[in-house]
Amino acid sequence: MLTIKRVATVVSNYQEDAPESLGCGRNCLGHCCLPVSKLPLYTFKKQVKDSTEAGIEISSEGQPPAAFLNNLLLGQWEDRMHRGLFRYDVTLCETKVLPGNYGFIAQLNEGRHMKKRPTEFQVDRVLQPFDENKFNFTKIGQEEVLFRFEQSKDNNGQYFPVSPVTADSSSSNVVAINVSPIEYGHVLLIPRVLECLPQRIDHGSFLLALHMAKEAADASFRVGYNSLGAFATINHLHFQAYYLMTPFPVEKAPTQRIIRRGKLPNCGVIISKLLNYPVQGFVFEGGNSLRDLSDAVANSCIFLQNNNIPFNVLISDCGGRIFLFPQCFAEKQAFGEVRQELLETLVNPAVWEISGHMVLKRREDYENASEEYAWGLLAEVSLSEERFQEVKDYVLEAAGLKHDADMEEINERIRDGNEEDFNKPPTPRATPTLA
């Protein structure tokens, strides 16, 4: 069994071990407290017909405008900041854009290196069972929760400052602060918190994350996901999100289309691969509905996790563009294949770092940061070209697009005069492993 002793990021004030005498007298999110709570409730529209369609309309009374979720989230987040619930003031962290073609963003976040407890993570298994004895989000206090986030039953987006948890919503989706924030407005989206789901993608939870990005209706608001083995630190299903006004470098990277459309009629989902970026990755966009786009990505994620391939996801452009990064940094780290100078920086390349927001924990690293350094670190994350091609087959097969992709690639090679390559017998393809 491959393991890495790692210092875990504290995301909740209740993550530290507490005396048993406290019991559940914390007004927590467990079965003892959540079902009788009256947390604020934000509901989003039932159907979004097009993945580029605006989230909430301004119409009937009680139906919030599109910017309402932003105002609500940031207002509640700042309230928690004034109440001293965060472990440090992230607004005081130094940040700079590194000179170069990509504009990597470096942040000095020394506070994130404090007040952590040692934990042991198994890095050779993307899917691991939920363990109620370890920290999970049912243990956080309700003061860390900003609001519940649920689908509307009447196709109207609404906000209720006080809303009792009913029997049919007892396992609520909640939005809570990350008490060790990376950026302004850093929150956690925890789907169906009482079901105690392990950190694994399913169709419903991924669609929920897309709805949150859509409802925010702000391009500076991105949603991210880390699988186990790709630097998720809590094995309880959650997404992260925060605001950053500067474009992420990966959002500016060129792409090449792999697939034009799916096998389903008029699916409309386009899959591309990143070019000239240190980490190999896929880009999903389009789709005739938000669900079409969500299902294409979720199917790919499910296939990756079922095949034990760690990955990270960035939801960008208000849910209109999604980046999927299979990665191998923890695997290489366990085998001693990562350069020591990179390990000494204590940077764990999760979704934000891979996307180009480098969160550095030592001043010397921040002062010496350069595009070359960022590129070198992220290159350690990326799959090799050969392995990426294998994973690409998995992704396309999962999305039901493999045949169409092969035909488009064949046609492209014929146009380029390389059709003779396809007359040779195919080389047997090895199954990707973590070895």
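Predicted model: local features only at pLDDT ≥ 70, side-chain atom pairs only at ≥ 80, totals over all residues.
User: Which residues of α4 make the contact with α2?
Analyst: Residues are numbered from 1 along each chain as its sequence is written, and side-chain values use heavy atoms, with hydrogens and water left out. Contact (heavy atoms within 4.5 Å) is made on the α2 side by His203, Phe206, Leu207, Leu210, His211 and Lys214. On the α4 side, the residues are Leu290, Arg291, Ser294, Asp295, Val297, Ala298, Asn299 and Ile302.

User: How many residues of strand β10 are buried?
Analyst: Buried means under 20% relative accessible area, exposed over 50% and partly exposed in between (1.4 Å probe, protein chains only). Strand β10 (residues 221-226) is covered on both faces, with Phe221, Val223 and Tyr225 buried on one side and Arg222, Gly224 and Asn226 buried on the other. The strand is largely enclosed by the rest of the structure, because the number of buried residues is 6 of the 6.

User: What is the bridge partner of arginine 222 in β11?
Analyst: Two strands pair if DSSP finds at least two bridges between them, and β10 pairs with β15 in the antiparallel sense over 4 bridges, where valine 223 stands opposite isoleucine 315. β10 also pairs in the antiparallel sense, over 4 bridges, with strand β11 (residues 239-243). Within β11, the residue that partners arginine 222 is tyrosine 242.

User: Which residue in β14 does valine 269 stand opposite?
Analyst: Valine 269 belongs to strand β13 (residues 269-274), a mostly covered strand in which 5 of the 6 residues are buried. β13 is joined to strand β14 (residues 282-286) by 5 bridges in the antiparallel sense. In β14, the residue opposite valine 269 is glycine 286.

User: Is asparagine 276 buried or exposed?
Analyst: Asparagine 276 lies in the loop between β13 and β14, and its phi is positive, about 50°, although this residue is not a glycine. Because its relative accessibility is 56%, asparagine 276 counts as exposed.

User: What is the relative accessible area of cysteine 318?
Analyst: Cysteine 318 is placed in the loop between β15 (311-316) and β16 (321-326), and although it is not a glycine, it has a positive phi of about 55°. This cysteine 318 is buried, because its relative accessible area is 18%.

User: Which strands stand at the edges, each with a single partner strand?
Analyst: An open sheet of 3 strands has the order β3-β4-β17, and its pairing is mixed. Strand β4 (residues 105-108) runs parallel to β17 and is joined to it by 4 bridges, with alanine 106 opposite methionine 358. Each edge strand has a single partner, so one side is left without a neighbour in the sheet, and these edge strands are β3 (95-97) and β17 (357-360).

Terms used. Helix = DSSP H or I, 4+ residues; strand = E, 2+ residues; numbered from the N terminus.
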